[in-house]
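Me: I'd like to go through the salt bridges here and check each label against its cut-off. Could you show me the model?

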Amino acid sequence: MQIKSSEITPEHIYLTRRRFMVGVGALVTGALVSSCGSKTESAPAIAPVQAKTIATPTPRPVATIANPTAASASTSEPAAAATPYVEPAEPFASVKADELGDALNSYQEITNYNNFYEFTTEKEGVAAMSTNFKTSPWTVEVGGLVNNPKTYDMDDLWRKFTQEERVYRLRCVEAWSMVIPWLGFSLAALLKEADPMSKAKYVRFETLYDPKQFPGQESAWYTWPYIEGLRIDEAMHDLTILSTGMYGKRLLPQNGAPLRLVVPWKYGFKCIKSIVRIDLVEEMPTSLWMAAAPREYGFYANVNPDVPHPRWSQSTERRIGEWSRRQTLPFNGYAEQVSSLYQGMSLQANF
Ligand code: MTE
């Protein structure tokens with residue numbers, strides 16, 4: 001069952017989450033990021049043991065909206081009319097920290113330290129390898145067990161769904177983390193439009209399969225394309241978004257352009273990039289990581305400091321740009337909002 005965020009989030013956070021601004025033109029762009037330089041990462045890699053390669057809250061104010069006519073709306077419901085999205089000239093975030101007071105990672109850091117195995121397993125090589133990735137034209141098919149299947153192009157998505165800024169922590173299963181000001185829209189809004197049938201229990205997401213553009217898809221270590229899944233109530237949760245941008249800018253290829261999933265209470269590998277298909281299904285989808293190493297990666301992948309990865313502890317993490325380690329929080333700090341989704345379930349067994 002979905003809980004209203006107004007019931008579970010302190011009011012000041014809830015209100016700022018829903019504060020909309022009319023266009024970015026008026027926004028001051030002085031709030032720019034500085035690079036803290038994250039260079040080497042000694043954290044473990046998520047690749048299964050047999051592979052030789054190395055592997056991989058909160059909503060805050062809104063940077064901009066796709067459609068100023070929707071500025072007074074207080075939800076992420078589809079908006080009717082449209083004006084083109086105006087990107088800020090420089091990366092822009094309306095706040096500098098998340099709700100725990102943790103500083104945002106810089107645009108430089110977030111766009112230069114990436115996990116995107118379709119390009120390479122080298123985090124600091126993804127940006128350079130992905131510069132020519134073609135993100136337009138791009139369509140996303142929404143189908144499966146729905147009454148209203150539909151193929152959207154990216155303009156449809158930008159126009160139809162109100163874009164919000166959501167500042168979330170991203171915790172990679174490899175025990176590093178960042179704080180990222182995403183731009184995106186509620187996955188629930190898209191799913192409501194698709195109108196799931198009652199037998200739909202899960203949502204399955206699929207990344208583009210195109211080995212010409214994604215050299216990593218030639219690798220036989222993994223079963224391509226990259227697949228991820230959520231239970232339908234997780235997918236409908238208010239924190240779950242489809243991201244179209246970051247720091248007010250459209251997503252760059254290395255971050256999963258033009259559309260990627262963001263589920264902040266789960267390990268980063270659930271946040272599938274460059275999505276082309278979203279299907280409502282009855283059976284629990286098998287993700288790329290579940291198929292590659294079922295003992296190491298489960299379906300749920302909720303951030304849990306008490307359940308170690310078979311090859312390393314999950315109790316602490318290194319924030320990119322910092323040297324000391326910090327405690328990892330249950331559900332990545334979003335327990336208040338999401339723990340009720342897992343009531344009565346063993347978090348050890350359902351890792
Ligand atoms: N999606 C696809 N298609 N391919 C990937 O290799 N890596 C995942 C996730 N989504 C991955 C993906 C992992 S392991 C992480 S931690 C995040 O993307 C990293 O997102 P970022 O590079 O934007 O920080």
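Reply: Happy to! Arg-319 and Asp-102 form a salt bridge, with their closest N and O atoms 3.3 Å apart. This is a predicted model, where local features need pLDDT of at least 70, side-chain atom pairs count only at pLDDT 80 or more, and totals for chains, interfaces and linings use all residues. Side-chain values use heavy atoms, leaving out hydrogens and water, and residues are numbered from 1 along each chain as its sequence is written.

Me: Why is the contact between Arg-319 and Asp-102 called a salt bridge?

Reply: The term requires a side-chain nitrogen of Lys or Arg within 4 Å of a carboxyl oxygen of Asp or Glu. The Arg-319 to Asp-102 distance is 3.3 Å, so the label applies.

Me: What makes Arg-319 count as buried?

Reply: Buried means under 20% relative accessible area, exposed over 50%, and partly exposed in between (1.4 Å probe, protein chains only). Arg-319 has 3%, so it is buried. Asp-102, at 13%, is buried too.

Me: How do you know whether Lys-150 is buried or partly exposed?

Reply: Its relative accessible area is 31%, so Lys-150 is partly exposed. Its salt-bridge partner is Glu-193, which is buried at 18%.
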